[in-house]
Amino acid sequence: MANQTLHILALAGSLRTDSYNRKALQFAKRVASEFDVTISEADLKTLALPVFNEDLRADGFPEQVVKLKQEIESADILLIATPEYNHSIPGPLKNAIDWASDKTNPFSGKVAAIFGASTGIFGTLRSQLQLRQVLASLNVELLPQPQVYIRSAEEAFLPDGSPADPKIGKQLRVLIDGTIKLAKLKKEKR
Ligand SMILES: Cc1cc2nc3c(=O)[nH]c(=O)nc-3n(C[C@H](O)[C@H](O)[C@H](O)COP(=O)(O)O)c2cc1C
């Protein structure tokens, strides 16, 4: 079997400029870049998707939605950093997933690695559980472990963007390594 370079699409569920999840995503991208992969990022702030409304696709999907669908389609692995709002998936991330999965499902058969940072003590535990459920409904495969919860996010990053707790860095490395291995196996079986 020829060596196949996998493509990762990275996505943070926050639009905030100083977002801890954008920070966590940049670190995860750095880790992922040590493997034989290519990486691109879908920036929800730049994409500026409208609020999901089926009526808006009566004359065709908005162009940002077409772009997002294509980006997901061309990826083997999704790397998603999710915040948690009110014990749940943040609206912008769920909005993007709903748009991207409307009518056609470019997520199907992909592998994802999810993690998240929040200022609370559970570090996005609840939003990640819900995100797992949403991704499962779209036929996306995730490793059961490790699950990476970055709590007390305001203290969780060093000035260079790496996690202050070395355990978090290690967990992200194990997660990304395992996810790439899983995606490779899936691709070989196709
Ligand atoms: C409306 C709202 C609801 C929030 N709910 C939660 C929550 O349920 N759990 C939690 O840990 N943090 C919660 N937070 C705090 C977020 O974790 C914090 O704002 C975090 O910095 C958001 O992620 P970001 O830095 O990537 O933008 C909430 C924040 C907002 C604005």
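Thr124 is buried, because 33 C-beta neighbours lie inside 10 Å and the cut-off for burial is 20 or more. This is a predicted model. Thr124 sits in the loop between S4 and H5. Its phi is positive, about 75 degrees, although Thr124 is not a glycine. Most residues other than glycine have a negative phi.

His87 also has a positive phi, near 65 degrees, and is likewise a residue other than glycine. His87 belongs to the loop between S3 and H4. Is His87 buried or partly exposed? It has 13 C-beta neighbours inside 10 Å, so His87 counts as partly exposed.

## Strand S4

Strand S4 covers residues 111–117. Of its 7 residues, 7 are buried, so S4 is largely enclosed by the rest of the structure. Val111, Ala113, Phe115 and Ala117 point one way from the strand. Ala112, Ile114 and Gly116 point the other way. Both groups are buried.

Which strands pair with S4? Strand S3, residues 77–81, runs parallel to S4 and pairs with it over 5 bridges. Here Leu78 has Ala112 as its bridge partner. Strand S5, residues 141–142, is joined to S4 by 2 bridges, again in parallel. Ala112 stands opposite Leu142 of S5. Strand S6, residues 148–150, is parallel to S4 and linked by 3 bridges. In that pairing, Ala117 faces Ile150.

## Strand S1 and its partners

Strand S1 is mostly covered, with 6 of its 7 residues buried. S1 spans residues 6–12 and runs parallel to S2, residues 37–42, with 6 bridges between them. Leu9 has Ser40 in S2 as its bridge partner.

## Crossovers

How does the chain get from S1 to S2? It passes through helix H1, residues 20–32, and this β-α-β crossover is right-handed. S3, helix H4 (residues 91–100) and S4 form a right-handed β-α-β unit. S4, helix H5 (residues 125–137) and S5 also form a right-handed β-α-β unit.

## The nonpolar core

The largest nonpolar core holds 50 residues. Those with the most contacts inside it are Ala24, Ala28, Ile77, Leu78, Leu79, Ala112 and Phe115. In soluble globular proteins, nonpolar side chains tend to be buried together.

What does Ile77 touch, leaving out residues up to four places away in sequence? Its contacts include Leu6 and Ile8. Lys110, Val111, Ala112 and Ala113 are also touched by Ile77. Thr179, Ile180 and Ala183 complete the list.

## Around the ligand

The ligand is surrounded by 15 residues. The closest are Ser19, Asn21, Pro83, Ser118 and Gly120. By class, the shell has 5 nonpolar, 8 polar and 2 charged residues.

## A cis peptide bond

Gln145 and Pro146 are joined by a cis peptide bond, with omega about -5 degrees. Most peptide bonds are trans. Where does Pro146 lie? Pro146 is in the loop between S5 and S6.

Technical notes
Residues are numbered from 1 along each chain as its sequence is written. This is a predicted model: local features need pLDDT of at least 70, side-chain atom pairs count only at pLDDT 80 or more; totals for chains, interfaces and linings use all residues. Two strands pair if DSSP finds at least two bridges between them. Helices (H or I, at least four residues) and strands (E, at least two) are DSSP runs, numbered from the N terminus. A crossover is right-handed if, with the strands pointing away from the viewer, the path from the first strand over the helix to the second runs clockwise. A nonpolar core is a set of buried Ala, Val, Leu, Ile, Met, Phe, Trp, Tyr and Cys residues joined through C-beta atoms within 7 Å. A residue is buried if 20 or more other C-beta atoms lie within 10 Å of its own, exposed if 12 or fewer, and partly exposed in between; C-beta atoms are placed from the backbone. Two residues are in contact if their C-beta atoms, placed from the backbone, lie within 7 Å. A residue is near a molecule or strand if its C-beta atom, placed from the backbone, lies within 6 Å of it. Ala, Val, Leu, Ile, Met, Phe, Trp, Tyr, Cys and Pro count as nonpolar, Asp, Glu, Lys and Arg as charged, and the others, Gly among them, as polar.
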